[in-house]
Amino acid sequence: STRSGYAVKTGTSSAGRDAWCLATSTAWTIGVWVGNPGGAPAPELSGRSVAAPVLGRLVELLPPPAPFP
């Protein structure tokens, strides 16, 4: 999961072809896309279960952002 100080949004396309997660703070905006470049359905994909954990790991590598005003 991400640290506090980030606004996070996840999403999944219909048929699970793509999953994504975006996070923004006062210092950073970062996004992760996971999907099948060929466009084949992958129902196991979801932004919450696949892309968000990847983004959470990336956020852990960044310095903490300042609080939102």
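The secondary structure of the protein chain, taken from a predicted model, comprises 1 helix and 3 strands. Read from the N terminus, these elements follow the order β-β-β-α. Along the principal axes, the C-alpha atoms occupy a box of roughly 40 × 20 × 15 Å. Of the 69 residues in the chain, 28% are classed as buried. The accessible surface amounts to about 4,300 Å², and carbon and sulfur atoms account for 62% of this area. Among contacts between residues at least 6 apart in sequence, 54% link residues at least 24 apart.

Strand 2 and strand 3 run antiparallel and are joined by 7 bridges. The two strands form a hairpin, with 4 residues lying between them.

Residues G47, A51, A52, L55, G56 and V59 of helix 1 are buried. These buried residues pack against strand 1 (7–12), strand 2 (18–24) and strand 3 (29–35).

A nonpolar patch on the surface is formed by V54, L58 and L61, which together contribute about 280 Å² of accessible area. L61 is classed as exposed because its relative accessibility is 70%, where the cut-off for exposed residues is over 50%.

Definitions and conventions:
Residues are numbered from 1 along each chain as its sequence is written. This is a predicted model: local features need pLDDT of at least 70, side-chain atom pairs count only at pLDDT 80 or more; totals for chains, interfaces and linings use all residues. Side-chain values use heavy atoms; hydrogens and water are left out. Buried means under 20% relative accessible area, exposed over 50%, partly exposed in between (1.4 Å probe, protein chains only). Contact means heavy atoms within 4.5 Å. Two strands pair if DSSP finds at least two bridges between them. Patches are made of residues with over 30% relative accessible area and no salt bridge: like charges are joined within 9 Å, nonpolar side chains (Val, Leu, Ile, Met, Phe, Trp, Tyr) within 5 Å. Accessible areas come from the Shrake-Rupley method with a 1.4 Å probe; for residues, only the protein chains shown count as cover. A salt bridge is a side-chain nitrogen of Lys or Arg within 4 Å of a carboxyl oxygen of Asp or Glu.
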